[in-house]
Each structure stands twice: as C-alpha cells, then as structure tokens.
Amino acid sequence: MEEIYAKFVSQKISKTRWRPVPAGSLQTADTFATGSWDNEENRVSLWSIGDFGNLDSDGGFEGDHQLLCDIKHHGDVMDLQTLSVGQQWTAAHYHTSPGSLSCRSAPCTGVVCSNPEIVTVGEDGRINLFRADHKEAVRTIDNADSSTLHAVTFLRTPEILTVNSIGQLKIWDFRQQGNEPSQILSLTGDRVPLHCVDRHPNQQHVVATGGQDGMLSIWDVRQGTMPVSLLKAHEAEMWEVHFHPSNPDHLFTCSEDGSLWHWDASTDAPEKSSLFHEGGRSSIFLFHSISNQANVHQSVISSWLSTDPAKDRIEITSLLPNRTLSVNSLDVLGPCLVCGTDAEAIYVTRQLFS
C-alpha cells in the first residue's frame, strides 16, 4: 500500500492542485497549491514538499510540507487552476431578479484552463470563456443551463464538457454561435446531480463523472446518450474524479464519506480478485454495466471501454489510513498525489505505483 503523509493546517481544504512540471522532464512534482473554505479567513496557499516524518496517531505519516506563500481569498475557494493572480474578472457569475435590474453574485463552481483560454461555470448556469490576456470575456453563454453547473473540463479545443445538478453531461462547441449544447447525455431514472467530470487524456471520447450518490459513471461520448458503465463506489457525494494524466488505466476519486480511492484497470496487472483493499481488509466490489447495443457487454477492465465480458473486475485501493471528514479535492501528477479534507489536513504520497 502506498505511504501517505499528513500535515494539519488549521483550515478546511476545498481544493488542491500540483504545479505542473515541464513536459518530458524527469523532475518529480514538488510544489502544490491549496484553497480553503468555511473558515473565518480563507486563503490560497503554495506549498513545497519537505521531508517526511514519523507515524502519527491516525496511522499516517506526518509530512513536513513547507508553506511558501499564501494570500487572503474573499469567500470560499471553489476551484484552482493557477498559482498566481495574473488577471481578475469580477462579477463573472451572478443571479438577476425577475423584473429588477439588480443582481447578486453567484458562486463560480468550476474553472478549467488550456493556456491562454480559461472557462468558468457557475451556480447561475452561465458559461464564460476568458483569455488570460483579455480583460473582458471572449464569449459568454447566458442561461446555458437552467440548473447549477457543477464542473467543467475541456474535451478538445474548442469543445468543453459540463455536468449539472440534474444528472446531465453536456458538450459545448465554442465554434457554434448559438447558446445550445452540441450534445446532451444523461443518467436514466432519477436525476442524480453530477458533481465532477474528467476525460481520458489519450482517448478523449472516454469520460468519467461522479455523482451525489457516490456512483462513478464511465461514458463514451461518441455513441448513445447514457453512460457505458455505472460503478457502485462511495457512500456519499463524489467530489472529484481524475484519470492519471500519464497512466490513465489508473483513476482516483474522493468523497464526502471521507474516502480517497485508487481504481486500477490496467491490463498488465496480474489476475485480479476483484477485491477492495483497505488496511489489510478486503471486500467484494460490485458494479454493473450498461450497453447501448443489446449484443455488446460493456465493462471496465483491460481498458475503460472493454467489450470482453470475461474481464469484469477492477481493483480499488483506499489510500487513507482511516476514514476522515469529507475529502474535498485531489490531484495526481507522476507518482505524486495530494488531497485536502474538512479535517484540516493535507495528505501527500510520492509513491503511487511503488
């Protein structure tokens, strides 16, 4: 099991992100940013990984992460993509009252960058496209969604994916002049809110989402309008899902239930027992698959869109030594993972695949 190190920071952590390393570099990630929420004074902080210390009372290792700098932040930090304030757009998201010219600010719930473009989504159902070198929005889609937009990611430039509070995954193409999505996919049955989304770094048609019910959904946006697979996962809201950027047969999720999971669907792994590993205990992991074609069984082993019904198992490892309060955010880069919790702790491992 991967060794994971804890540092207690006296702030509830809402977001964590690694500072990218140069492409092709052998350098290991060593700097990350955090944002806090629900504190009297919220902050965006920049940390450097230090030496790791001794075992703490919860079974984790105490980490000597060094605070490099921080800055006060007005309101809760909802998402992170940059490590310094290079540009600021005020009132990017807002609610208007019917029959009134007044407006009130609305939470910006998600942000994604593809330099120099920046896309934000919000509780107001609005989508903004910014450029880092422009003071005004390049494109705004007002009333893009009648419900809250919870997260956004790039599918491929200039297309984005959004997820909302009624279980829909939408694709938007900024080349189109209208205010309608180019494609809508959705969960069947109850409209369970989707909270997070990520796309496969090499196969951009493969998308993962996490919902309020803790379920992990795998989608193929090339076909159909429903997810390919639904995987029974966490016991409460799934706050973030991330494919590993350079080893995407591995996927990571975190949840309100205090868990942080590593999903392994790699083909080079030995025969898997379909067991969930946590502190030496094992339990059967269950999931079911959906097929848009009656004669095709879709599953998630060998690859995320395997059509081999014999390979229907996956290995999951719990990365935290004990359940904690909500794990709100995670990020992975190379062999390194960082996550932040409501227990006012930051956890780091540098040995994901050891």
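Which residue in S16 does Leu-161 stand opposite? Leu-161 faces Ile-171. Before I go on, a word on the source: this is a predicted model, in which local features need pLDDT of at least 70 and side-chain atom pairs count only at pLDDT 80 or more, while totals for chains, interfaces and linings use all residues. Residues are numbered from 1 along each chain as its sequence is written, and side-chain values use heavy atoms, with hydrogens and water left out.

Strands here are DSSP runs of E with at least two residues, numbered from the N terminus, and two strands pair if DSSP finds at least two bridges between them. Strand S15 (residues 159-164) and strand S16 (residues 168-173) run antiparallel and are joined by five bridges. They belong to an open sheet of four strands, ordered S14-S15-S16-S17, with antiparallel pairing. Its edge strands, S14 (149-156) and S17 (183-186), each pair on one side only. From one strand to the next, the twist averages 20 degrees; axes are lines fitted to C-alpha atoms, with angles from 0 to 180 degrees between N-to-C directions.

Another open sheet has four strands in the order S10-S11-S12-S13, again with antiparallel pairing. Here strand S10 (108-114) and strand S13 (139-141) are the edges, each pairing on one side only. Neighbouring strands are turned by 15 degrees against each other on average, direction ignored. Strand S12 (residues 127-131) pairs with S13 over three bridges, and Leu-129 stands opposite Arg-139 in S13.

I turn to the aromatic residues. The structure holds four aromatic pairs; rings of Phe, Tyr and Trp (its six-membered ring) pair if their centres lie within 6.5 Å, and planes under 30 degrees apart count as stacked, over 60 as edge-to-face and the rest as tilted. Phe-243 and Trp-304 form an edge-to-face pair, 5.9 Å centre to centre with 75 degrees between the planes. Phe-243 lies in strand S22 (residues 238-243) and Trp-304 in strand S29 (residues 303-306), so this pair ties together parts that are 61 residues apart in sequence. Both Phe-243 and Trp-304 are buried, meaning under 20% relative accessible area with a 1.4 Å probe and protein chains only. The ring centres of Trp-261 and Trp-263 are 5.8 Å apart and their planes stand at 55 degrees, so that pair is tilted. Trp-261 is buried at 7% relative accessible area, and Trp-263 is buried at 0%. Finally, Trp-18, Phe-32 and Trp-47 form one aromatic cluster.

Conventions. Buried < 20%, exposed > 50% of the residue type's maximum accessible area, 1.4 Å probe, protein only.
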